[in-house]
Amino acid sequence: MDTFAIGAFLMVLSLLHHHVLGSRQYSTEGCDLFQGRWVYDESYHLYTSSQCSFIEKQFDCLQNGRSDKFYLKFRWQPTHCNLTRFNGEDFLQIFRGKSFMFVGDSLSLNQWQSLTCMLHTSNPQTQYKLYRTGGLSTFAFPAYNMKVMFSRNAFLVDTINTTAGRVLKLDSIESGKLWMNSDVLIFNSWHWWLHTGRKQPWDLIQEGSRTYKDMDRLVAYEKALMTWARWVATNSESTKTRIFFQGVSPDHNNGSEWGEATSSQCEGQTQPMSGDAYPAGSHPAEVVVERVLRSMSNPVHLLNVTTLSQLRKDGHPSVYGHGGHRDMDCSHWCLAGVPDTWNQLLYASLIKSKTSYDVDSENYK
C-alpha cells in the first residue's frame with residue numbers, strides 16, 4: 001500500500017473513531033433522523049450563494065432581493081439524537097472515486113445544486129468541472145475522482161412523441177439506461193404530476209395497450225412508481241448501488257394548511273413552524289411513495305424529507321425567484337436553505353446504512 005493510500009485509510013479510520021468514541025449507540029429504530037424540529041442556530045448557514053456562481057438564478061433568493069435572513073438560521077434537530085454538521089472534506093474523502101446521480105425534476109435540481117455548493121464551499125481551492133451533455137449535468141472533482149450528476153426526468157417513466165401527441169407511458173423506463181453504473185442514485189418525482197392545461201407536458205397516458213386522456217393523478221403516480229420499482233429490481237446491484245427515493249417536497253400555496261387561512265401563499269413567511277407536526281397531516285403523494293417502497297424487496301432508502309420540509313413555509317423563493325412578483329414560487333427552495341438539510345440527511349443516511357454508525361451525542365451538532 002503506497003503512502004497516499006495509507007493516508008486515506010488512516011483518515012477514514014479517524015473519522016469512524018470520531019463517530020464512535022464516547023458515544024451512545026442509536027439503532028435505526030431508536031433514532032429516526034427525519035423526526036424532529038427546527039431550532040434556531042446562529043452558526044448557520046452553511047454557505048452563501050455568492051460563493052457558488054453556478055447556482056440557478058431562481059434559487060438565489062438573496063441575490064434576487066430577499067432582505068430577511070432569519071430563514072437561514074435554522075438547523076434540523078432530530079428528536080432522539082443529533083445531526084452532524086456537514087463537512088465537505090470528509091464527504092469527498094469517504095466517497096472518493098464514487099459517482100452520485102440525482103434523477104428527477106427541478107426539486108432534484110434544487111438538491112443537486114445544494115450539494116455541489118456545499119462541497120465546493122467546503123473545499124474552495126479544489127478544482128471542479130461543470131458540464132452538460134444532453135439531459136445530464138455533471139459536477140466533477142477530478143482530485144477525488146468524484147462526480148455528482150443530475151438527470152432531469154420529471155416522471156421517471158418515459159414520455160414519447162407520437163402522431164397522436166405526447167404520450168406518458170406508465171409502464172416504460174427506457175431512459176433508465178442513463179442511470180446505471182452510478183454508485184448512489186437519488187430519485188424524485190411528484191412536482192409535475194398535478195400540472196394541467198398549458199403546463200401539462202403530455203397529451204395522453206398509456207398503460208400497456210390502453211390509452212387514456214387522463215386519470216386520477218395519484219393513481220397514475222403510483223402506477224409509474226411501481227414501474228420504477230420493477231426497474232430497480234431488474235437493474236440495480238444491491239451490493240454496488242445505494243438507492244434513495246427523496247420524499248415528496250411540499251409546496252406552500254395554501255395558508256390554511258399551516259393554520260393561517262389569510263395567507264394564500266408563502267409570500268412574507270419568515271420563520272418555520274414550531275413543533276414536529278404539520279397541521280394538514282401527511283402529504284398524499286408521500287403516502288403513495290411509502291406504500292410502493294414497502295412493497296419492494298430491493299433495499300431502497302427513503303430520504304423522508306416531507307414532514308420536515310412541510311414545517312418550512314419560510315424557505316421558498318416566493319417573489320424572490322426567477323419571475324419576481326409576476327411568478328410566485330412556493331414549490332422550490334432558496335439556496336442556501338432547506339435542501340442543505342436534505343443533503344446532511346443524505347450523508348448521515350449513507351454512513352448509517354453502510355456502517356450502522358454510532359451517534360455521538362456531543363459531536364453530532
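Q: Why is Phe 139 called buried?
A: In this predicted model, Phe 139 has a relative accessible area of 0%. Buried means under 20% relative accessible area, exposed over 50%, and partly exposed in between, with a 1.4 Å probe and protein chains only, so Phe 139 is buried.

Q: What makes Tyr 128 partly exposed?
A: Tyr 128 has 28% relative accessibility and therefore counts as partly exposed.

Q: What conventions apply to the numbering and the values?
A: Residues are numbered from 1 along each chain as its sequence is written, and side-chain values use heavy atoms, with hydrogens and water left out. As the model is predicted, local features need pLDDT of at least 70 and side-chain atom pairs count only at pLDDT 80 or more, whereas totals for chains, interfaces and linings use all residues.

Q: How many aromatic pairs does the structure hold, and what makes the pair of Tyr 128 and Phe 139 stacked?
A: The structure holds 25 aromatic pairs. The rings of Tyr 128 and Phe 139 are 4.6 Å apart centre to centre, with 15° between the planes. Rings of Phe, Tyr and Trp (its six-membered ring) pair if their centres lie within 6.5 Å; planes under 30 degrees apart count as stacked, over 60 as edge-to-face and the rest as tilted. The pair is therefore stacked.

Q: Which parts does the pair of Tyr 128 and Phe 139 tie together?
A: Tyr 128 lies in the loop between helix H3 (106–122) and strand E4 (129–133), and Phe 139 lies in strand E5 (residues 136–141), so the pair links parts that are 11 residues apart in sequence. Helices (H or I, at least four residues) and strands (E, at least two) are DSSP runs, numbered from the N terminus.

Q: Why is the pair of Trp 333 and Trp 342 called edge-to-face?
A: The ring centres of Trp 333 and Trp 342 are 6.2 Å apart and their planes stand at 80°, so the pair is edge-to-face. Both Trp 333 and Trp 342 are buried.

Q: Why is Ser 172 called buried, and what joins its side chain to that of Asp 158?
A: Ser 172, in the loop between E8 and E9, is buried because its relative accessible area is 12%. A polar contact of 2.6 Å joins the side chains of Ser 172 and Asp 158. A polar contact is a pair of N or O atoms within 3.5 Å; within protein, one must be able to donate a hydrogen and the other to accept it, and residues adjacent in sequence count only if both atoms are side-chain atoms.

Q: How do you know that E7 and E8 pair?
A: Two strands pair if DSSP finds at least two bridges between them. E7 and strand E8 (residues 165–169) have 5 bridges in the antiparallel sense, and Lys 169 in E8 is the bridge partner of Asp 158.

Q: What makes E7 and E11 the edges of their sheet?
A: The open sheet of 4 strands has the order E7-E8-E10-E11, with mixed pairing. Strand E7 (158–162) and strand E11 (210–212) each have a single partner strand, so one side of each lacks a neighbour in the sheet.

Q: Why is Ser 182 called buried, and which residues does it contact?
A: Ser 182 has a relative accessible area of 2%, so this residue is buried. Leaving aside neighbours within four places in sequence, Ser 182 is in contact (heavy atoms within 4.5 Å) with Ser 99, Met 101, Met 149, Lys 240 and Thr 241.
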